Amino acid sequence: MVAAIVLTVAAAGAAGWGGWSRYDAGHDGSAAYAEARDDALAAGEQAVQNMNTLDHAQVEKGLDSWEDSTTGDLHQQLVEGREAFVKQIEAARTVSTARILSGAVTELDDRAGKAGVMVALRVTVTAPEGKPAVKESRMLGQLTRTSEGWKLSALGQAPVGNTAG
């Protein structure tokens, strides 16, 4: 009888501790932070891919994708330069396609809705004549969370090579 009581108390204690541990893990913020990081990375990779993909035969659709992927000053620059982009791409008659090789979140301030990403990608540019040109590069992007999700607010080439003196 005493053994049964001891086992019952031990089982209740273990169940209580397990329940508390599960509750604590689900409410400590790290799961939400990880989800925000994953969302920012996915949006950043997609936006960088969009910004490096453009087909002269569907230039308006491609530029719409650029604008849909951006916010802030970058978005404004794209809107203001749209007419010039259309003329350049239609004159060059090129097709650019990007494929993401890897990506990482370099910074995340979930409360402020700001994130940074580094994305490695392979861009293939095909001109009307000649072989496709393939280039691999790394890009740094700044993301801002909007009501529609994470969007690129800045984008540039990542430095390459040895920066040590």
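User: How are H3 and H4 oriented to each other, roughly parallel or roughly antiparallel?
Analyst: This is a predicted model, where local features need pLDDT of at least 70, side-chain atom pairs count only at pLDDT 80 or more, and totals for chains, interfaces and linings use all residues. Helix H3 (residues 59-68) and helix H4 (residues 72-92) pack at about 160°, axes 10 Å apart; axes are lines fitted to C-alpha atoms, for helices over the stretch in contact, with angles from 0 to 180 degrees between N-to-C directions. Angles under 35 degrees count as roughly parallel, over 145 as roughly antiparallel, 65 to 115 as roughly perpendicular and the rest as oblique. So H3 and H4 are roughly antiparallel.

User: Is Glu 67 buried or exposed?
Analyst: Residues are numbered from 1 along each chain as its sequence is written, and side-chain values use heavy atoms, leaving out hydrogens and water. Glu 67 sits in helix H3. Its relative accessibility is 16%, and the cut-offs are under 20% relative accessible area for buried, over 50% for exposed, partly exposed in between (1.4 Å probe, protein chains only). That's why Glu 67 counts as buried.

User: Which residues does Glu 67 contact, leaving aside neighbours within four places in sequence?
Analyst: Contact here means heavy atoms within 4.5 Å. On that basis, Glu 67 has as its partners His 75, Leu 78, Val 79 and Arg 82.

User: How far apart in space are Ala 104 and Leu 140, C-alpha to C-alpha?
Analyst: Ala 104 belongs to strand E2 (residues 95-109). In sequence, Ala 104 and Leu 140 are 36 residues apart. In space, C-alpha to C-alpha, the separation of Ala 104 and Leu 140 is 9.9 Å.

Definitions and conventions
Helices (H or I, at least four residues) and strands (E, at least two) are DSSP runs, numbered from the N terminus.
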